[in-house]
Amino acid sequence: MDKTALTVRLAAPRGSCAGVERAITIVEQALERYGAPVYVRHEIVHNAFVVDRLRSLGAVFVDELDQVPDGVPVIFSAHGVSKSVAAEAERRGLLAVDATCPLVAKVHREVERHHRAGLPVVLIGHAGHPEVEGTLGQVPEGAVRLLERPEDVDALNLPTDSAVAYATQTTLSVDEARGLVDRLSARFPRLVGPAKEDICYATSNRQQAVKAIAPTVEALRVIGAANSSNSNRLVEVAAAHGCPDARLITGADDLDFDRLDGIRTLGLTAGASAPELLVQGVLDALRSRYTVTVEEVRVAEETTIFRLPPLPEREFPAAAD
Ligand code: 2E7
Ligand code: F3S
């Protein structure tokens, strides 16, 4: 029997960004240099496939530093850590390697700079996300106010004539963040901050591609994990731009064929923590059921590469004479 025809509009750019590639390489190189086990605080990036592969090579993922034994290397995830975590690693003499994305590290420095200059600082982001916790933790507790929704701007207890500095999480919806920044600058005309917001190039390009595809497809699938902020934003952007059935899937095994039954056009993309292998796996699974035509929809070229940090030498205890 002939298979049904399916056109897949494949987003470009999609999938792994430069910060994710760098963070994964740091873990791989640390394993090569120091040997297993290498501890990693938090999932290096929010993707179970990536984490499981590194675990099979000898990485041990933990939530907090108190789960890391003395004397082993520990890597901080791409999402960044608060100053207290870095200080605790130093106090314990752990061999810490920082895989924080350089674009997050830049936000950390900005928040610190504004705070040192005496400005009240607000951060637009999602409470509880590790990137937000790391950014809030660049300055003393309570020094940065977190804004999650537009209404939070109105509730800010600050004089409207004061200079206020702002920063954002890097993986927000570009449109939602802009709404909040506009509301902030309307309420605080002396608002200080980045030209637009701190949303990174990868987040914004992936959203642009979804915007181009969403109105033209019957359904759209985003390959990404449930705890991946940037991936969830892609689902929301697709829904907001006219796709009637936008969902997150972890990979080929998670494809909901029953729900896709009868459709002729499918949008496909991947969050910044999802490797291209997962995209190709989904395409292969689709080809087993449909005669697939892939149309790539490219909205930007990405050439960003981040340099790797030098790995510190491991100091072995001096041998007894
Ligand atoms: C670090 C940062 O791991 P992710 O899914 O993380 P998010 O922040 O989207 O939950 O994606 C890669 C990544 C994105 N931002 C890593 Cl700060
Ligand atoms: Fe960095 Fe953006 Fe990727 S903050 S880790 S380049 S999604």
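Modeller: Happy to, starting with a definition: on a 1 Å grid over the protein atoms alone, a cavity is a set of points where a 1.4 Å probe fits but cannot get out, while a pocket is an open set with protein on both sides within 12 Å along at least five of seven lines; lining residues have an atom within 4 Å of a point. Points are joined across faces, edges and corners, and a volume is the space filled by probe spheres set on them. This is a predicted model, where local features need pLDDT of at least 70 and side-chain atom pairs pLDDT 80 or more, while totals for chains, interfaces and linings use all residues. Residues are numbered from 1 along each chain as its sequence is written, chains are lettered from A and ligands numbered from 1 in the order in which they are written, and side-chain values use heavy atoms, with hydrogens and water left out.

Biologist: How many cavities of 30 Å³ or more are there?

Modeller: One by this rule. The largest cavity has a volume of about 320 Å³, and 25 residues line it, with C17, V20, H79, T170 and T171 closest to its centre.

Biologist: What classes of residue make up that lining?

Modeller: The lining of the largest cavity has 13 nonpolar, 11 polar and one charged residues. Here Ala, Val, Leu, Ile, Met, Phe, Trp, Tyr, Cys and Pro count as nonpolar, Asp, Glu, Lys and Arg as charged, and the others, Gly among them, as polar.

Biologist: And which elements supply at least two residues each?

Modeller: Those are α1, α4 (102-116), α8 and α9 (229-240). Helices (H or I, at least four residues) and strands (E, at least two) are DSSP runs numbered from the N terminus.

Biologist: Which ligand takes up the space of the largest cavity?

Modeller: Ligand 2 does; a molecule sits in a cavity or pocket if more than half of its atoms lie within 2 Å of its grid points. Around ligand 2 are C17, G19, V20, C101, L103, T170, C200, Y201 and A272, where near means a heavy atom within 4 Å. That shell has seven nonpolar residues, two polar and no charged.

Biologist: Nice. What comes nearest to ligand 1?

Modeller: Of the 15 residues around ligand 1, the nearest are H46, S228, S229, N230 and S273.

Biologist: Which side chains have polar atoms by its oxygens?

Modeller: Among them is H129, with a side-chain N or O atom 2.8 Å from an oxygen atom of ligand 1. For N230 the distance is 2.7 Å, and a polar side-chain atom of S273 also lies 2.7 Å from an oxygen of ligand 1. A polar contact is a pair of N or O atoms within 3.5 Å; within protein, one must be able to donate a hydrogen and the other to accept it, and residues adjacent in sequence count only if both atoms are side-chain atoms.

Biologist: Now the open side. What is the volume of the largest pocket?

Modeller: About 260 Å³. Its lining has 17 residues, with S16, C17, A18, E302 and T304 nearest the centre. The elements giving two or more residues to that lining are α1 (18-34) and α8 (201-213), and α1 gives the most, with four. The pocket lining divides into eight nonpolar, three polar and six charged residues.
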